[in-house]
Amino acid sequence: MKIGVAGQGAFGIKHLEAIAKIDGIEVVTLAGGNPAGTEEVAKKFGIPHWTSDLAESLKQPGVEAVILATPTQMHADQAEQCMRAGKHVQIEIPMADSLADSERILKVQKETGLIAMAGHTRRFNPSHQWIHKRIKAGELKVQQMNVQTYFFRRTNMNAAGKPRSWTDHLLWHHSCHTVDLFAYQTGEAAQIANAVQGPVHPELGIAMDMSIQLKNAGGAICTLSLSFNNKGPQGTFFRYICDNGTWIARYDDLFTGKEEQVDLTGVTVSTNGIELQDREFVAAIREGREPNASVAQVMPCYRVLDALEKQLEARS
């Protein structure tokens, strides 16, 4: 299968590293925003074609699908561009930073019948899959998720510590992971959602601290704290408080409430969440089925984010 990747930054590279571990996949084109950086990444990964124009990538012979790891604000237009060109598309999280753009992506997917998947990595991390499989088997029921998403980012820097051309967002990006995971793990989207935020950064124009509360119809709750001001441990840490135990998930690792590490051997074919979501994307194309984290499946999350944004705007 020949695919293209758009985005030469930190997450574009993560996808290229993941794809290299999947048999029968060839990245034949890379579209990037920085010509020199795009050429450098293409040569490093042996990609024969590189460009600054996504349309040129879409015209490369045999390209069936595209992974978008570009700035969030470009996702909706590029996703539509890919599908209108007849290509399946995976869009890095968040697939958009507005409900209108999210709904537009879903509309085009329905019109074209192509596979469109959002990169909601937490659905694929082995730690969360271990929990999910036990929930599906009836062994666990989530009573509360307590989540901390903490970074120190007071300037526009990407995950590799390099300057980025766009501004990240606690609500539309980082809370998106947890709002969707809460629905995925409990089987119900949040019906009650509240948010408060701290001061808006004078230069970046975004809130640097945020707190979100969720509750679904079944009574499960989620408490999420987010910050770009944190100088302590970085990343997202999930505490699952269940009817039959407590677990703490740190990316691809899982611990009991007593900090005993859980053996995740055999839960999935890899310990890399990005690789697992890329495997799902490729498998869905090959098998002609809806993927886990399809744009239709994650849409309830974006509706909750829209409601939270309206709350925050009303209170500002």
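**Core and backbone features of a predicted model**

Me: In this predicted model, which residues of the largest nonpolar core touch the most other members?
Reply: The largest nonpolar core holds 95 residues. In soluble globular proteins, nonpolar side chains tend to be buried together. The members that touch the most others are Leu 68, Met 95, Met 145, Ile 212, Leu 214, Tyr 240 and Tyr 302.

Me: Which residues are in contact with Met 95, leaving aside its neighbours within four places in sequence?
Reply: Met 95 is one of the core members that touch the most others. With those sequence neighbours left aside, its contacts are His 75, Ala 76, Ser 102, Ile 105, Ala 118, Val 295, Val 298, Met 299 and Tyr 302.

Me: What is the omega of the peptide bond from Ile 93 to Pro 94?
Reply: Pro 94 is placed in the loop between strand E5 (88-92) and helix H5 (99-112). Most peptide bonds are trans. The bond from Ile 93 to Pro 94, however, is cis, with omega near -5°.

Me: What is the relative accessible area of Glu 259?
Reply: Glu 259 sits in the loop between strand E13 (253-256) and helix H8 (273-287). Its phi is also positive, near 65°. Glu 259 is partly exposed, with a relative accessible area of 44%.

Note on methods:
Residues numbered from 1 in each chain as written. Predicted model: local features only at pLDDT ≥ 70, side-chain atom pairs only at ≥ 80, totals over all residues. Heavy atoms only, no water. Helix = DSSP H or I, 4+ residues; strand = E, 2+ residues; numbered from the N terminus. Buried < 20%, exposed > 50% of the residue type's maximum accessible area, 1.4 Å probe, protein only. Core = buried A, V, L, I, M, F, W, Y, C linked by side-chain atoms within 4.5 Å. Contact = heavy atoms within 4.5 Å.
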